[in-house]
Amino acid sequence: MLALRVAWRNLCFRPVLTVVTLALLGLAVAQATVVVLLARAFEAGLVRASRPFDLLVGAKGSPTQLLMSTVLLQEAPVGNLPLAYFEQLRHDPRVAYAVPLAMGDSAYGTPLLGVGPELLGLTDPATGQPYFALAQGRFAVHAFEAAAGAQAARHWQLGDTFQSHHGGLQEAPGEAHEAWYTIVGILAPSDTPWDRALFVPLTSYWEVHHEHDAAEQQITVALLRPRGVKEFYQLHQEINHDSVAQAVLTGQGMGRLFDMLGQGETVLRLTSWLALAMGAATVFLASYAVGAQRQRETAILRALGAGQWSVCIVGLAEALLTSLVGTVLGMATAHVTAWYIAWRVHDASAIVLRPTCVPAELGIASAVLLLAAAAGLLPAVQAYRQDVASNL
Amino acid sequence: MPAPPVIVVHDLIKRFRVPGATTTFVALTLPSLEVCGGEAVAVVGPSGSGKTTLFHILAGLLSPSQGEVLIHGVSLGVLHGKDRDRWRARTIGYAFQSFNLLAAFSALENVCLALDLGTTVPRAARRARARALLDELGLGSRMHHRPGELSTGEQQRVAVARALANAPEVLLADEPTASVDPETREVVLSRLLREVHISKKVLLVATHDRSLLTRFDRVVHLDQPDLPAATPC
């Protein structure tokens, strides 16, 4: 208790040194924690975002592009597939549910998805709850009606009208299509990037692209739910085997994405450990910088009757108190930062990140305390072994 | 039957190693010394005669190179580690020449610290005792100031208050009036002597101030160690 009191007083007595040490250590802890929090949150957020999509079928090309453009709405679509091909898939007995999707248009920066009302029938197999549900109005089923995703509804209200453009997400929008859409419904949040999209009937999509005949009509992606695991892999293999389309297992694609993100995360983790080591070095320097003062203080305490272990603990306690406060401040900063980043990511992509506490934080806190204990060890040993009389 | 002396010193010699050499020099020689309860002793001698070394040995902070020191019949040579620390906290009150106050603590906390280490009385009682001592020494309005915010004289009084805090059996004061004005000197000295004469403690004061010597029961000359010192026990 005495040791803690003396250690605390000493830290308060050197406010500049203490604050600088706390700031450096806190920033190191914050960096390490943010990386861990966001890595987990991104993984969970992407898994959540891809739940409605089992098997994506699109034109031949990059599977990652198909995944990114469909699930995350982040890249240009790979190309189109004939509607007839989709109908063939829809009527395949191994397919339990199929949703056609047309992509490539936008309205003032908001992606426009041409989709049928089948979308509302896409349910979570575990709970039976639909992934996409209406919050207000009705779904866009008639020509040139539109429904806004939950996040798109921040800018679009029921009754609003708009014209669509070709492209406009990754490149400058093309000339506006002539037709005007009217918002007739708003969807409830689905925790997927599709919350920032506008949904219009597939027929209207074809209409503005002058695809009037069935032979001309195209879709961009087919969202398939096979009847079972066997059918799932069969379809995947067969589709990829022919020359028309490619099929992407969303889970597998996300795994590849995590692997890519993981490489960046590894670099960030290494940097974080370096930062933590530097933070511990700062604690050591702060302890060592006051060596002469500590020697005298140790001698005074011993002269007053404090034991060798008591003065030894003072040295350790200063390092541990600094690291404890630094860790708490750093973790608080990390959580605030992670929530801010999550909010910005949600704003930009509608991916819901929930950077909640993770067990790895305990690991970081333990590592910091261990490093700090190591940093405080030398001053502590010096205090233990110090000659009293010569320092009075 | 006379009471046994509180402090008994036999053939005390303290040598220190010469820095950077293998030779040693003798810092203190004291063939014998006995101090009884209720006795105030002035220890005099020129600088370097070993006054502070003697006090450090009596406080158990230094071990003699030769000879023996007994306090209340207990040889300091047999006290080690925790026992010696505990003994020092309860038995010795030491006002250092350079005050040795903790810079991060207020005057009150510096005095309380000695009480925390030397007594088991409740915290409130310890604080009350520390306040009373600082009040007595004229520091009532300065007790929440840190040493760096106090004058040299005020720091010296805080050091004296801290030495008195545990009502120790042995009070050691190294030049306790060197940095104070005449009035404060009287306050400090009277307070130390009162502790000796009323509570029958032992007081040893190292001083260069010859005008103070008449206030003590006895004077020990460290520059004349063979001079026999009368023992009033």
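Biologist: How many helices and strands does chain B have?

Modeller: In this predicted model, chain B has 6 helices and 9 strands.

Biologist: How do you know what radius of gyration to set chain B against?

Modeller: The length sets it: for 233 residues, a compact globule would have a radius of gyration near 17 Å, and chain B has 17 Å, so the two agree. Along the principal axes, the C-alpha atoms of chain B fill a box of roughly 45 × 40 × 35 Å.

Biologist: What share of chain B counts as buried, and what makes a residue buried?

Modeller: The cut-off is under 20% relative accessible area. Of the 233 residues of chain B, 52% count as buried.

Biologist: Why is the pair A:R5 and B:D116 called a salt bridge?

Modeller: The rule asks for a side-chain nitrogen of Lys or Arg within 4 Å of a carboxyl oxygen of Asp or Glu. The side chains of A:R5 and B:D116 meet at 2.5 Å, N to O, so the pair meets the rule. Across the interface of chain A and chain B, 3 salt bridges are found.

Biologist: Which elements of chain A supply at least two residues each to the side that touches chain B?

Modeller: Those are α1 (2–13) and α8 (291–303). By class, that side of chain A has 11 nonpolar, 4 polar and 5 charged residues.

Biologist: How much area do chain A and chain B bury between them?

Modeller: About 2000 Å², with 64% of it on carbon and sulfur atoms. In chain A, the residues that lose the most area to chain B are A:R9, A:F13 and A:L304, together 30% of what that side buries.

How values were computed
Residues numbered from 1 in each chain as written. Chains lettered and ligands numbered in written order. Predicted model: local features only at pLDDT ≥ 70, side-chain atom pairs only at ≥ 80, totals over all residues. Heavy atoms only, no water. Buried area = accessible area lost by both parts, 1.4 Å probe. Helix = DSSP H or I, 4+ residues; strand = E, 2+ residues; numbered from the N terminus. Nonpolar A, V, L, I, M, F, W, Y, C, P; charged D, E, K, R; others polar. Rg over C-alpha atoms; globule rule 2.2 N^0.38 Å. Buried < 20%, exposed > 50% of the residue type's maximum accessible area, 1.4 Å probe, protein only.
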